[in-house]
Amino acid sequence: MIIEIVPTRATCDAVRNLTRHLLDKPWDNDDISTIMGSRDDVMDCLSDAERFNRKSCMQQFILTSKEDITSQQVKRTVQALMSEFGFMESDIALAVRHQKARYDAAGCDRHWHLLVRNVNPESGKTMKMSHSFARGEKVARTLESEFGFQLVNGKHNRAVLNAVDDDLRERLAGLADMPEPTAAYTKSQHQRAKRSGISMPEIRAFMRSAWTESNGSWSSFKEAVGNRGFHMCCGTRKPDVVVLADSEGNVIGSVTRLTGIKVADIKNAMNFDKVPPTPAAHVDIANGAQITQGAKQPSQASSAAISRPVGHQVHRGQHKQHETHRIPDTGVNLRVKGMSKEQIQAIEVKEALEEQQRKAVATEIAMWESIASSWNKPSGWADIYSVMQRRIWPDSKVQPWPIPQHRDKYDVAQSMVSIMKPAWATYQSSRKSLRPSVRRGGSDELLAAMKRCRWNHPTIGICLDDVISHNDIGYTCGIAASKLVAARKREREAWSRAPENRGRLADLEVMEQMAKDIHSRRDRERLARFLSEPRRAITDHRAAQAAVIVAPPPPPTQASHRVRRIGPSMPSL
């Protein structure tokens, strides 16, 4: 009897996939019977785990046996598990019995799944699952002795012998002399092979029957494996290991683990037949990894009777190399098998030039998208100003924070308040809820708002605890704005003091005037002329400013006082 214990993560995907595996896959089982529990009970376990913020919501117990087991013996097993792990019958959320034929035709064709609640819905305490594997083996060995079943060799035999009483220790004395068991394949290998259309239990049964029928003859065993469409080759990670592969070179698993025999027996059989060794290159389907041919040759004893995969040829004088080569700075994987060094270098140069052209095109598109989005913004002239700087000095840093509002403490504080105020209200309302998910959501929204305001920057250094302790968003935003504006001014001053930027200040003043003028007039033609010939555009702008001569105001003209004569003119004296 084998009792497997698997915890279930407290996530919707994990619970949904487990429930679907137990109840909704009739093509994998001949019969599915629900003994007790329902889907609603399983979802209640998930809700309890989320409410108390636990990582595991259920513990799954899987019961299998080689001997035919009755319903009374299954009930006795469940009672022993309840006594060992401290749960009650009401804690069983779902109990399912599966029935399917075994490939070795020796053993019970039924197995049971028990989903047990891991979190107490009232106190929030979890089951004590420390040393669960050893405790599960103790229950299994005790029941095997009680039912008269054959003792199964486990990995925790010594721990089981130390935990049972003296009477049972005498009956289980043979466990101490048993070697440590090894599995034919892991769960992950089983699932990967299953997705590729390969049944690992079926292949294990075939390999063991083929080895038994061959009577230790390697040639007969190799012929039986070849008739099934497989071949054996040495591993590249461990050349002393013989692996089973299909006709396409996909590795299925280790021959020693699939057949259940020792490595020494395989070496003796290969040495007796004296077959010359041959390495192989293959793809590891079971482990999900690409394995290429190694440069190290396996030994004579370990790689005898190993055939090459179909289509594999090694020419005389051909250097061993990797099948793929990654071209730097491009992300391109090139298949270089059979290519010379000059061909690889030519392809690298071609790919590098194409990557450089792609980056230039992407930069040009991003520039025009930035310009197109800046026309309708009040501060869009700053985007045009940055584009103009990058056009003249593409390899240097753009002048930081050109907009004066970004360097004003009051304006920065007001923008922070507009971002932080809704997040702070949500956080305060979430504190009143008892659901952990709602409280986490409020904290996450507040942290996201703080990140948008750059409060996590080292120059500011305001954390969530500071916001909670201040309990005043306006005050906290004022402190953060003063720190952020001071950091921006220091950055701008450091940029101005750089030697390569000192001679550019005059050009930057002209470009700032041009950017504001172009943005206010929506003068796209003038912007296009600048982007095509930036230096000439700056020179023309300076010449136009110098040509504008402000004429002095005209001198005031002397007013001619005309006297209106009402009577006859008087004669001159």
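Mentor: Start with helix H3, where Gln 72, Lys 75 and Ser 83 are exposed, exposed being over 50% relative accessible area, buried under 20% and partly exposed in between (1.4 Å probe, protein chains only). Helices here are DSSP runs of H or I, at least four residues, and strands are E runs of at least two, numbered from the N terminus. Keep in mind that this is a predicted model: local features need pLDDT of at least 70, side-chain atom pairs count only at pLDDT 80 or more, and totals for chains, interfaces and linings use all residues. Residues are numbered from 1 along each chain as its sequence is written, and side-chain values use heavy atoms, without hydrogens and water.

Trainee: Which residues of H3 are buried?
Mentor: Gln 73, Val 74, Thr 77, Val 78, Ala 80, Leu 81 and Phe 85. Seen down the axis of H3, they fall within an arc of 160 degrees, so they line one face of the helix. That arc is taken from the directions from the helix axis to the C-beta atoms.

Trainee: What do the buried residues of H3 pack against?
Mentor: Strands E1 (2-9), E3 (56-64), E4 (92-99) and E5 (110-117), plus helix H4 (132-147).

Trainee: And what about Leu 81, what is it in contact with beyond its neighbours within four places in sequence?
Mentor: Ile 3, Phe 61, Leu 63, Gly 86, Phe 87 and Val 139. Contact means heavy atoms within 4.5 Å.

Trainee: Which residues touch the most other members of the largest nonpolar core?
Mentor: Met 1, Ile 3, Phe 61, Leu 81, Phe 85 and Phe 87, out of 25 residues. H3 gives the most to this core, with five residues. A nonpolar core is a set of buried Ala, Val, Leu, Ile, Met, Phe, Trp, Tyr and Cys residues joined through side-chain atoms within 4.5 Å.

Trainee: Switching topic. How many residues of strand E7 are buried?
Mentor: Five of its five, residues 242-246. Val 242, Leu 244 and Asp 246 are on one side, Val 243 and Ala 245 on the other.

Trainee: Which strands pair with E7?
Mentor: E6 (residues 230-234) runs antiparallel to E7, joined by five bridges. E8 (residues 250-254) is also antiparallel to E7, over three bridges. Pairing needs at least two DSSP bridges.

Trainee: What stands opposite Leu 244?
Mentor: Met 232. In E8, the bridge partner of Leu 244 is Gly 253.

Trainee: What is in the turn between E7 and E8?
Mentor: Three residues separate the two strands of this hairpin, and Gly 249 in the turn has a positive phi of about 90 degrees.
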